[in-house]
Amino acid sequence: MALSTRAFFKVFNPQITPNSISHIGQSNLMQLTQKKQLPTFQRRGIAEDSLLPSSTTPIKPMNVETKHTRTMGDIFVQHSQKLELLKTVLRNVADLDALEGLNMIDAVQRLGIDYNFQREIDEILHKQMSIVSACDDLHEVALRFRLLRQHGYFVPEDVFNNFKDSKGMFKQVLGEDIKGLMSLYEASQLGTEGEDTLVEAEKFSSHLLKTSLSHLDHHRARIVANTLRNPHHKSLAPFMARNFFVTSQATNSWLNLLKEVAKTDFNMVRSLHQNEIVQISKWWKELGLAKELKFARDQPLKWYIWSMACLTDPKLSEERVELTKPVSFVYLIDDIFDVSGTLDELILFTEAVNRWEITAIDHLPDYMKICFKALYDMTNEFSSKVYLKHGWNPLQSLKISWASLCNAFLVEAKWFASGQLPKSEEYLKNGIVSSGVHVGLVHMFFLLGQNITRKSVELLNETPAMISSSAAILRLWDDLGSAKDENQDGNDGSYVRCYLEEHEGCSIEEAREKTINMISDEWKKLNRELLSPNPFSATFTLASLNLARMIPMMYSYDGNRCLPDLKEYMKLMLYETESM
């Protein structure tokens, strides 16, 4: 969807007052992260949800007046000029000082504007591969290791052997190098299965960094705490950017200019997101399902968050809007299985989705007919758009993904109807599918239209490890959160509960620790996929990674059963006029 400069800058912004955000505001942002009570044996996944603003909540566009006399076109031109200047600066800095070039790339990434510098970053990191050698600067070695691995270069873990003693342990003297320890901790997050040095690096660095908090000054302690809480590789860019703005101090000539460009860039992108929300709200209202399926969730803003967090490049505006549509149906179908349908009705609905024929819905209840017809029409329209734009008809793959989702939902419905919990391994295998991740990423793959071949499509239909690992992380995080609410009424189908049932005498703490370790293992598998040759594009790979990154935000409940990180993300990305 091509946007003119004027259209790109047009701001659609809900009105904000100092003490409240009207309509989709503070009250709803509190509800946004509030965990609801669940019926007996309710499943969860990408579709489990909290209360968010509904489609009946008005989202009114508002043109924001600027105090400056410059036109938005002038801002765009000046922003573009500054970007070109910074690209030149980045090349020159990297040529003059390899470490300073790495530091600048790190800053660009932490500010969330690296999509503007991809060519320059590619060239610099390609040259850096030849520099991987013995060095006594822990920060430099760890930073180079992390940036190269993030970029798909497999750098061996033995680059850290220079920092070990004769017994093969990391040298205790490194405890005095806080900057190096932070970089080592960041690097350890990119470990894969069997990389014991990186496991030890994480334990060693995290222990010393936590110990250091008590004797560091407030500013440095805040930086260390942010690093431990939000390591770069596992964090969403907006949170990194906000922390970087607060904690970074200009020690060179380019950092202030980078921050200035990042602020402008952030405001431009936020305006674009607000515009996209208006489009999605219009689609959802015209679809009319909120009126027809009154039992189902009515939260188009929540559904859009998945698209917004996964597809971060501003150029992917149309893709974000279109991806939100199938995500919404994951939620709607989830509610049919969890809230409304009897087991016999669910069997008929699942059979209809598998057959993918309008005539197959004759024996369904009216609300199921309405939902299937809307799903059928949306999927066909989606397929037509992909075919016209990219020359490939994805309908068969999309049908497979919806059938697999409903089949997994039905398996869980039968488990829960019987009152019998499955084995934990069986539960997780099915839960990876019922999470909805595969459905979302299959649609995303075809929307992007990159590297679509018979081979890549066949692999996609089989749920490759890149997708299954992200789905497992979601399922386990979700279930880990639900385990905090053991006192709630009913029984939640979760990995933790299944594990407790299967292992007599196991405590809830031991089951949670097992789940946390499994999440760590799935991250290692995902890291391996990010480093291994695969037929998928860099954009799709990054989107899969972003999905895994956003999961803690969507499923980490506080003592009030709310999601504080999600609340902050919403305010940061959509509402706050002075976010940075």
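Ser424, Tyr427 and Leu428 in helix H18 meet Tyr495, Cys498, Tyr499 and Glu502 in helix H22; contact here means heavy atoms within 4.5 Å. The model is predicted, so local features need pLDDT of at least 70 and side-chain atom pairs count only at pLDDT 80 or more, while totals for chains, interfaces and linings use all residues. Residues are numbered from 1 along each chain as its sequence is written, and side-chain values use heavy atoms, with hydrogens and water left out. Helices (H or I, at least four residues) and strands (E, at least two) are DSSP runs, numbered from the N terminus.

**Helix H18 against helix H22**

- H18 covers residues 424–434 and H22 covers residues 495–502.
- Their axes come within 8 Å and cross at roughly 160°. Axes are lines fitted to C-alpha atoms, for helices over the stretch in contact, and angles run from 0 to 180 degrees between N-to-C directions.
- That angle makes H18 roughly antiparallel to H22. Angles under 35 degrees count as roughly parallel, over 145 as roughly antiparallel, 65 to 115 as roughly perpendicular and the rest as oblique.
- The crossing of H18 and H22 is right-handed. The rule: a crossing is right-handed if the near helix is turned clockwise from the far one by less than a right angle, and left-handed if anticlockwise.
- By class, the contact of H18 with H22 has five nonpolar residues, one polar and one charged. Ala, Val, Leu, Ile, Met, Phe, Trp, Tyr, Cys and Pro count as nonpolar; Asp, Glu, Lys and Arg count as charged; the others, Gly among them, count as polar.

**Helix H15 against helix H16**

- H15 spans residues 343–355 and H16 spans residues 366–390.
- The two axes come within 11 Å and cross at roughly 25°. H15 and H16 are therefore roughly parallel to each other.
- The crossing of H15 and H16 is right-handed.
- On the H15 side, the contact uses Glu345, Leu346, Phe349, Ala352 and Val353. On the H16 side, it uses Tyr367, Met368, Cys371 and Phe372.
- The residues of the H15 and H16 contact divide into eight nonpolar, no polar and one charged.

**Aromatic pairs**

- The structure holds 17 aromatic pairs. Rings of Phe, Tyr and Trp (its six-membered ring) pair if their centres lie within 6.5 Å; planes under 30 degrees apart count as stacked, over 60 as edge-to-face and the rest as tilted.
- Phenylalanine 170 and phenylalanine 204 form a stacked pair, 5.3 Å centre to centre with 25° between the planes.
- Phenylalanine 170 lies in the loop between helix H6 (138–150) and helix H7 (178–188), and phenylalanine 204 in helix H8 (residues 196–212), so the pair ties together parts that are 34 residues apart in sequence.
- Phenylalanine 170 is buried at 5% relative accessible area. Phenylalanine 204 is buried at 12%. Buried means under 20% relative accessible area, exposed over 50%, partly exposed in between (1.4 Å probe, protein chains only).
- Tryptophan 283 and tryptophan 284 form a tilted pair, 5.9 Å centre to centre with 40° between the planes. Both tryptophans are buried.
- Ring pairs link Trp283, Trp284, Trp303 and Tyr331 into a cluster.

- Phenylalanine 446 sits in helix H19 (residues 437–448). Its relative accessible area is 0%, so phenylalanine 446 is buried.
- Leaving aside neighbours within four places in sequence, phenylalanine 446 is in contact with Val386, His390, Trp392, Pro394, Ser397, Leu398, Ile452, Val457 and Leu460.
- Phenylalanine 446 and valine 457 are eleven residues apart in sequence and 9.2 Å apart in space, C-alpha to C-alpha.
- Tryptophan 477 sits in helix H21 (residues 465–482). At 22% relative accessibility, tryptophan 477 counts as partly exposed.
- Not counting residues up to four places away in sequence, tryptophan 477 touches Ile519, Ile551, Pro552, Tyr555 and Ser556.

- Tryptophan 356 has a positive phi, near 55°, and is a residue other than glycine. Tryptophan 356 is found in the loop between H15 and H16 and is buried, with a relative accessible area of 7%.
- Asparagine 451 has a positive phi of about 60° although it is not a glycine. Asparagine 451 is found in the loop between H19 and helix H20 (454–461) and counts as partly exposed at 41% relative accessibility.
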